[in-house]
Amino acid sequence: MTDVTGPDPLFPWLREIANAHDAARHAGGVQCRGSVALIDDAARLRGSAQVKLGKAISLEREVETRPARLAAGRDAAEEEKRDWQRLGVKELADGHGDVDLKVAVGIHGRFAHGGDTIAYDAHGVHNTHMDGLAHIGADASWHGPIPASASETDEDTMVNWAQHGIATRGVLLDVAAARGADWITAEEPVTAAELDAALATAGVTLEPGDALMIYQGRDRYEAAGHVYPSGAKAVRRPGIGSEGARWIAARDPGLVLWDFHDARNNRTGALEVHGLIYAIGLCLVDNCLLGPAAAALKAAGTSTGQLIAAPAAIHRSTGVLVNPLLLY
């Protein structure tokens, strides 16, 4: 491609993945809906077949709105807000911890009524959320291809995904255990060998449309007093780099749910796995609480379950808070 507006925003290896996906999956005049389209009837049946005990566990981190509970993390939230503003992002939710909740309660004799409005940051490193196709793009386009300008009018990825139904087999990969560590470190991103080892331990053959739940030990990392860096900071942090991104792309997951994000261990600090949103239309669910799920599945003697992640059908949304449920 001719460089007329600046350097290619994609690494050469990511551009190769995008081109291969385009050749294999895109048809003229048909908008590609990305990885969610891989979740077909067979994938849903494969997921429901994993439910043996009738138990359910949420993978969502609590959306904290209580000021007293947010005080300790306020600086981190405000720092992330300033980082995004430095990058030219103007419209950000006010409030603390990326959430602004206003509650109104009326008490009239024996009758009471409550209502609320909420503004939230649909991205960042705090709340569990699903990234839409209109989150990461290149060449003035989102995956699909969808013109980036559509986000100003009527981009409908979240509506399409909500109506499609994101329910499939979830496969938990405990890469922290594969490394023999409590958590992944910033100095050593997750490797393909560790992902292979975690998959071998799971004892599962992956199929297109499966949900990958990649546990890296973030709950233990934060319990030990560490603060996970803002996504707006181009600094190394625990997570998955280009090697892991290539591994994920080669497995055709329906979606990926993870606790740590991109390792950003490259020269430019680019987001290696998030780049797959553009390259293959990858559905990512960020900031999942996976430690309890890993422990529950281990106690049940399994690594799989039925994963359900139902986003709100909001037009023009670049991402939404979501409560992924794992049934097993």
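This is a predicted model: local features need pLDDT of at least 70, side-chain atom pairs count only at pLDDT 80 or more; totals for chains, interfaces and linings use all residues.
Figure 1. Within α9, the buried positions are Gly244, Ala245, Trp247, Ile248 and Ala249. Just after the helix, Asp252 adopts a positive phi of about 50°.

**Figure 2. The largest nonpolar core.** This core comprises 39 residues, and those with the most contacts inside it are Leu173, Ile214, Trp247, Ile248, Val273, Leu276 and Leu282. At least two core residues come from each of α1 (12-25), β7 (167-174), α7 (192-202), β8 (211-215), α9 (242-251), β9 (255-258) and α10 (275-280). Another core, of 34 residues, lies apart from it and includes Leu133, Leu290, Val322 and Tyr328. In soluble globular proteins, nonpolar side chains tend to be buried together.

**Figure 3. Surroundings of Leu173.** With neighbours within four places in sequence left aside, Leu173 is in contact with Leu195, Ala198, Leu199, Ala202, Leu212, Met213, Ile214, Tyr215 and Trp247. Of these partners, Ile214 and Trp247 are also listed, like Leu173 itself, among the residues with the most contacts inside the 39-residue core.

**Figure 4. Helix α1.** The helix has 14 residues and spans 20 Å from its first C-alpha to its last, close to the 20 Å expected at 1.5 Å a residue. Its buried residues are Trp13, Leu14, Arg15, Ile17, Ala18 and His21. Among the elements covering them are α9 and α10.

**Figure 5. His123 and its polar contacts.** His123 sits in the loop between β3 (111-120) and β4 (129-131). The residue has a relative accessible area of 12%, so His123 counts as buried, the limit being under 20%. Its side chain makes a polar contact of 2.9 Å with the side chain of Asp131, and a polar contact of 2.9 Å also joins it to the side chain of Thr318. Not counting residues up to four places away in sequence, His123 touches His129, Asp131, His135, Thr318 and Gly319.

**Figure 6. Salt bridge between Glu222 and Arg61.** The structure holds 12 salt bridges. In this one, the side chains of Glu222 and Arg61 meet at 3.0 Å, N to O. Glu222 belongs to helix α8 (residues 218-223) and Arg61 to the loop between β1 (56-58) and α3 (67-70), so the pair ties together parts 161 residues apart in sequence. Glu222 is partly exposed, at 25% relative accessible area, whereas Arg61 is buried, at 19%.

**Figure 7. Salt bridge between Asp210 and Arg169.** The closest N and O atoms of this pair are 2.7 Å apart. Asp210 is in the loop between α7 and β8 and Arg169 is in strand β7, so the bridge ties together parts that are 41 residues apart in sequence. Asp210 is buried at 1% relative accessibility, and Arg169 is buried with a relative accessible area of 9%. Both belong to a network of salt bridges that links Arg46, Arg169, Glu207 and Asp210.

**Figure 8. Salt bridge between Arg179 and Glu194.** The two side chains meet at 2.7 Å, N to O. Arg179 in helix α6 (residues 175-179) and Glu194 in helix α7 are 15 residues apart, and the pair links distant parts of the chain. Arg179 is partly exposed, with a relative accessible area of 22%; Glu194 is buried, at 13%.

Notes
Residues are numbered from 1 along each chain as its sequence is written. Side-chain values use heavy atoms; hydrogens and water are left out. A nonpolar core is a set of buried Ala, Val, Leu, Ile, Met, Phe, Trp, Tyr and Cys residues joined through side-chain atoms within 4.5 Å. Buried means under 20% relative accessible area, exposed over 50%, partly exposed in between (1.4 Å probe, protein chains only). Helices (H or I, at least four residues) and strands (E, at least two) are DSSP runs, numbered from the N terminus. Contact means heavy atoms within 4.5 Å. A polar contact is a pair of N or O atoms within 3.5 Å; within protein, one must be able to donate a hydrogen and the other to accept it, and residues adjacent in sequence count only if both atoms are side-chain atoms. The expected span of a helix is 1.5 Å times one less than its number of residues. A salt bridge is a side-chain nitrogen of Lys or Arg within 4 Å of a carboxyl oxygen of Asp or Glu.
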